[in-house]
Amino acid sequence: MRSSTLKCVVLLSLSPALYGEGAASSDELLEYADSLFAQRDYYRGISVLKEVAHFAEDPETKALCVFKIGEAYQRSRKYRSAAGYLERYVAGAHADTLLYRAQMYLGASWLQLERHHEAVGSFLQAESMAKDGTGQVWAAYSNAERGDFATATDLLESVIREREGDALALGTREILREIASYRGSRQSARLASTLSALCPGLGQLYVRHYYDAAQAFVLVNSFAYMTYASYRLGDLGEQSHLVTALSAAVTGMFHYANILGAGRTAAYRNQRQLDHSLKRIRFLIHNNLGFAPGLGFGFAL
């Protein structure tokens, strides 16, 4: 490793004219960059590749550097920079095996940036090249993450039809079951609010937040009783109706908070369920595919 490092330092210190003398210097630097990537020293590797890309005259070498820089940024979680370089590589319309990998890395970067539409497009482009189901499954996941479960389900069912009987199809069935389980457990925020409007705490009870349900029921009904009692005392002339008005305002405030809280509780519960399901789906995908966003190809769990 010391000799490789020393060689790289010497090469980088030489005149740029060295790059025009042959491919050897570029090849050595590319080999050194690969060794840095193997050690996860991505930033030094990126510096080496940028140097090579700057001086190299061969378009293929320049394109290879652009791809490797994009891959390095993606693996080092600099997804915006990764997407920029990978888009440059894809725009070159290279007819090689790296184009598939570039599309997969690009889809992964868009997914991490929560640009789901672009992620779906990149994954499906990769699928059109390899036709191994990997891109299609990740496209389905991207749709699920943005809440489009109908499209995700269609894509996964297509994988099962096309790859019936293999390990990917079996794993995809598990993913479909997880999606169906989540969709069946979702609760309506609108219904929760409506129920709480009819009876304080009923919406929270619907979403199984029993402590919140009891609290809303006791608070709202207690203030409603105080309002009624204040009104009766006002009729008897024992206190001003201004107190009744204030009690009614406080009751209305608590009741509104109870209605609003029921809807938000349902939305919060759905989000927690979604996060759990997406984590489970991601785990199932990782177990069946040789690619994972942030980890790349050939990862090991």
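Start with the crossing of helix 9 and helix 10 in this predicted model: helix 9 passes helix 10 in a left-handed crossing. Select residues 149-162 for helix 9 and residues 167-185 for helix 10. Their axes come within 9 Å and cross at roughly 155°. Angles over 145 degrees count as roughly antiparallel, and helix 9 and helix 10 are therefore roughly antiparallel to each other.

Next, show the side chains of the contact. On helix 9, select Phe149, Ala150, Ala152, Thr153, Leu156, Glu157, Val159 and Ile160. On helix 10, the partners are Leu168, Ala169, Thr172, Arg173, Ile175, Leu176, Ile179, Tyr182 and Arg183. Coloured by residue class, the contact of helix 9 with helix 10 divides into 12 nonpolar, 2 polar and 3 charged residues.

Select residues 97-112, which form helix 6, and residues 116-130, which form helix 7. Here the axes come within 8 Å, and the crossing angle is roughly 160°. Helix 6 and helix 7 are therefore roughly antiparallel to each other. The crossing of helix 6 past helix 7 is left-handed.

For the contact, pick Leu99, Tyr100, Gln103, Met104, Leu106, Gly107, Ala108, Trp110 and Leu111 on helix 6. By class, the residues in the contact of helix 6 with helix 7 are 12 nonpolar, 5 polar and 1 charged.

Conventions
Residues are numbered from 1 along each chain as its sequence is written. This is a predicted model: local features need pLDDT of at least 70, side-chain atom pairs count only at pLDDT 80 or more; totals for chains, interfaces and linings use all residues. Side-chain values use heavy atoms; hydrogens and water are left out. Axes are lines fitted to C-alpha atoms, for helices over the stretch in contact, and angles run from 0 to 180 degrees between N-to-C directions. Helices (H or I, at least four residues) and strands (E, at least two) are DSSP runs, numbered from the N terminus. Angles under 35 degrees count as roughly parallel, over 145 as roughly antiparallel, 65 to 115 as roughly perpendicular and the rest as oblique. A crossing is left-handed if the near helix is turned anticlockwise from the far one by less than a right angle, and right-handed if clockwise. Contact means heavy atoms within 4.5 Å. Ala, Val, Leu, Ile, Met, Phe, Trp, Tyr, Cys and Pro count as nonpolar, Asp, Glu, Lys and Arg as charged, and the others, Gly among them, as polar.
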